[in-house]
Amino acid sequence: MEKEIEEIRNLIQKAFVGAGLEGRGLKIDIKKPVKEEFGDFSAIISGDKITEGGMNFEIAITKGKKPVEKIANNIPISEVFNFEFKPPRYINFFYNRMSGNKKSEALLENLKRILKEKEKYGSSKMGHGRTVVIDYSSPNIAKSFGIGHLRSTIIGQALYNIYKFLGYKVIGDNHLGDWGTQFGKLIYQIKTKNLNINKLTIDELEKIYIEFHQLAEDNPELKDEARKWFKKLEDGDSEVKKIWKACRDLSLKEFDRIYDLLGIKIDKTFGESFYNDKMQEIFKEMKGRNLTRQSEGAWIVEFPNDDPPSLVLVKSDGTTTYFLRDLATIKHRLEEWKPHAIIYEVGVDQQLYFKQLFYTARELWPDKIFKDEKSAKGIDLRKDSRVRLVYVGHGLMRSREGKFSTRKGTTIHLEDVLNEAIEKAKEIINASETSKVITEEEKQILAKQVGIGAVKYNDLRQHFRRDVIFDWGKVINLKGNSGPYLQYVFTRCNSILGKARERLKVNEKSKLSEVEERILERLNSFQKEIEQKRFDEYPEDKERGGNTYAPNIICNYLFELSQEFNNFYDKYPILKADTKEQKEFRLALTFAVGQVIKNGLTLLGIESPERM
RNA sequence: GCUCCCGUAGCUUAAUGGAUAAAGUAUUGGUCUUCGGAACCAAUGAUGGGGGUUCGAAUCCCUCCGGGAGCACCA
């Protein structure tokens with residue numbers, strides 16, 4: 001593909017010379033056209049405004065002088081391509097008859113590659129082993145795992161899988177919210193209610209947490225009480241610490257159950273509390289560099305022109321904030337892993353905060369952290385040792401009424417959603433033929449794979465930046481553009497291959513039908529789809545390079561591939577193909593489609609059941 | 001009040017500044033003595049309003065309207 005584009009570029013460059021247009025700063029843009037009738041490759045010629053002497057390219061076009069035609073007329077004869085001038089500025093390239101075979105040869109070559117590389121097909125070395133830390137999931141403890149944390153968890157996990165596939169060394173860090181004034185609130189409640197910490201449940205913790213906020217509405221002084229208890233915790237009061245630890249242990253047990261349901265395992269779970277003894281050092285550094293000053297008793301950080309607005313670093317009672325803890329976290333990650341980038345997969349509601357955090361970190365360690373994307377122009381980031389801080393703010397999961405809030409008790413428990421999805425999957429399985437040949441246990445596993453897959457896919461297929469309005473009917477969608485649709489195609493491929501006796505073989509002389517060719521082409525672009533704009537080899541020169549951290553590209557790709565295969569499946573017999581060659585080829589194609597779907601689903605963190 | 005994000009078909013979404021805006025769902029009609037019907041084919045239907053930049057705008061800029069989020073001792 002790259003070769004062909006280079007070839008076409010060369011042809012056009014030569015034509016520039018022939019047409020006397022060389023050195024005019026004309027731009028050649030070569031891409032796959034939107035429609036087949038426009039050829040295999042398509043070049044758009046556009047020109048800068050050059051007024052001195054001779055012809056201004058753009059004006060010439062509008063005046064109907066057809067400079068592109070002149071260029072087209074000067075394109076040298078090529079062994080590989082025919083071309084066609086398409087007014088006013090397109091030149092479309094077609095593989096000529098001889099190289100038409102060349103094209104299918106290349107596609108068949110790639111098919112062989114899939115057969116050979118299998119689960120490695122599509123992976124690359126683009127990361128060169130550089131380290132990327134991904135901060136994701138990060139729920140707050142002492143609350144149930146809410147629907148609001150679903151997005152961070154599965155988008156984060158998908159990014160984790162993708163970067164690993166691309167040859168990066170990836171470290172996932174679950175930055176638990178397990179420290180802070182919120183514990184003061186809980187401890188206050190536990191103390192005044194005299195609850196037995198050994199018999200607490202998550203539901204109870206959540207209940208008293210909500211209750212605290214209700215009480216505090218009428219009695220604001222309760223917040224001071226909470227802060228006092230948190231201060232005791234930070235000062236190392238052993239009894240308070242015991243309560244805190246009980247809450248934390250209880251939460252982790254609860255979370256493990258959810259992560260198990262989701263099939264997710266995050267490398268590290270340091271959590272905020274881990275940095276408790278590392279904060280004074282950062283505070284000192286901040287003071288030493290004059291980045292913080294005292295205001296109304298608290299230590300704050302201010303920003304130029306008050307944009308973003310200032311932020312509290314250390315509270316007036318001497319306790320720390322998440323701000324200081326996050327700075328400590330950055331330092332720890334830098335020292336521990338020397339990463340190329342730290343990616344924060346967190347909701348957009350924290351956008352302003354991350355602006356403040358990143359700005360401060362850059363001021364504090366200017367030689368260790370990359371300043372910003374704009375200053376990165378022209379720098380080869382692969383050779384730059386400074387770390388890049390990246391904030392991937394995803395849109396919020398909310399109800400029609402607004403944001404879900406634990407404090408107000410309006411959240412939906414993720415576990416309920418997952419169980420509901422599994423139930424629904426089970427209903428469909430029970431109604432199917434498959435249910436007659438599998439055990440009850442297999443049914444349960446399958447229902448889990450399908451139900452959870454549906455929930456994950458439903459979230460991942462949407463662009464991360466958009467808000468998602470929670471709807472019971474939609475999160476557990478099992479039809480159309482859905483997780484189960486893709487899983488279904490995989491099982492179908494699997495089933496056909498199971499019935500075939502032939503060995504997989506790619507026959508060079510196979511004559512390809514249109515659908516087959518389309519499928520082969522799509523299979524061929526799998527790696528490109530994954531790599532496409534996928535990271536930061538070079539900084540974006542546009543302000544919003546929105547697709548860089550978007551797994552939905554992969555969802556689209558897999559869905560389109562599946563549709564094409566279903567279409568093919570419906571039209572052409574595979575096991576009962578006319579000739580042996582045809583059968584062999586179609587079986588190989590079936591295998592390849594199944595394999596690529598499986599590879600893609602794996603990247604998304606979705607399982608591919610053998611049958612369903 | 002200030003700042004940021006989002007507005008595409010009834011609903012949910014897609015589209016590196018490039019050709020006739022692409023799907024799912026819903027609705028309507030069709031496909032099965034055939035490898036798995038959680039399927040396939042077809043019809044209907046859309047860029048919030050107004051300016052601007054550009055040869056060319058869903059995409060970039062301005063403005064208005066609508067929705068969401070954030071703005072000092074929560075995280």
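Visitor: Where do I start with chain A? What are its helix and strand counts?
Guide: Chain A has 20 helices and 14 strands. The model is predicted. Its C-alpha atoms fill a box of roughly 85 × 75 × 40 Å along the principal axes.

Visitor: What share of chain A counts as buried?
Guide: Of 612 residues, 36% count as buried.

Visitor: And the contacts in chain A: what percentage join residues at least 24 apart?
Guide: Take contacts between residues at least 6 apart in sequence. Of these, 75% join residues at least 24 apart.

Visitor: How do I describe two packed helices?
Guide: Use the angle between their axes and the distance between the axes. Here, take helix 13, residues 414–430, and helix 14, residues 440–460. They pack at about 120°, with axes 7 Å apart.

Visitor: Why are helix 13 and helix 14 called oblique?
Guide: Roughly perpendicular covers 65 to 115 degrees, and roughly antiparallel needs over 145. The angle here is about 120°, so helix 13 and helix 14 are oblique to each other. Their crossing is right-handed.

Visitor: Which residues make the contact between helix 13 and helix 14?
Guide: From helix 13, they include Val417, Leu418, Ala421 and Ile429. From helix 14, they include Leu446, Val450, Gly451 and Val455. The residues of this contact divide into 12 nonpolar, one polar and four charged.

Visitor: Which element gives the largest share of the surface near RNA strand B?
Guide: Helix 16 does, with eight residues.

Visitor: How do the residues of that surface near RNA strand B divide?
Guide: They split into 32 nonpolar, 31 polar and 24 charged.

Visitor: Let me zoom in on one residue. Where is Lys505?
Guide: Lys505 sits in the loop between helix 16 (483–499) and helix 17 (514–524).

Visitor: Why does Lys505 count as partly exposed?
Guide: Count C-beta neighbours within 10 Å: 20 or more means buried, 12 or fewer means exposed. Lys505 has 14 inside 10 Å, so Lys505 counts as partly exposed.

Visitor: Which residues does Lys505 touch, beyond those up to four places away in sequence?
Guide: Lys505 touches Glu584 and Ala588. Look also at Leu589, 84 residues from Lys505 along the chain. The C-alpha atoms of Lys505 and Leu589 are 9.6 Å apart.

Technical notes:
Residues are numbered from 1 along each chain as its sequence is written. Chains are lettered from A and ligands numbered from 1 in the order in which they are written. This is a predicted model: local features need pLDDT of at least 70, side-chain atom pairs count only at pLDDT 80 or more; totals for chains, interfaces and linings use all residues. Helices (H or I, at least four residues) and strands (E, at least two) are DSSP runs, numbered from the N terminus. Two residues are in contact if their C-beta atoms, placed from the backbone, lie within 7 Å. Ala, Val, Leu, Ile, Met, Phe, Trp, Tyr, Cys and Pro count as nonpolar, Asp, Glu, Lys and Arg as charged, and the others, Gly among them, as polar. Axes are lines fitted to C-alpha atoms, for helices over the stretch in contact, and angles run from 0 to 180 degrees between N-to-C directions. Angles under 35 degrees count as roughly parallel, over 145 as roughly antiparallel, 65 to 115 as roughly perpendicular and the rest as oblique. A crossing is left-handed if the near helix is turned anticlockwise from the far one by less than a right angle, and right-handed if clockwise.
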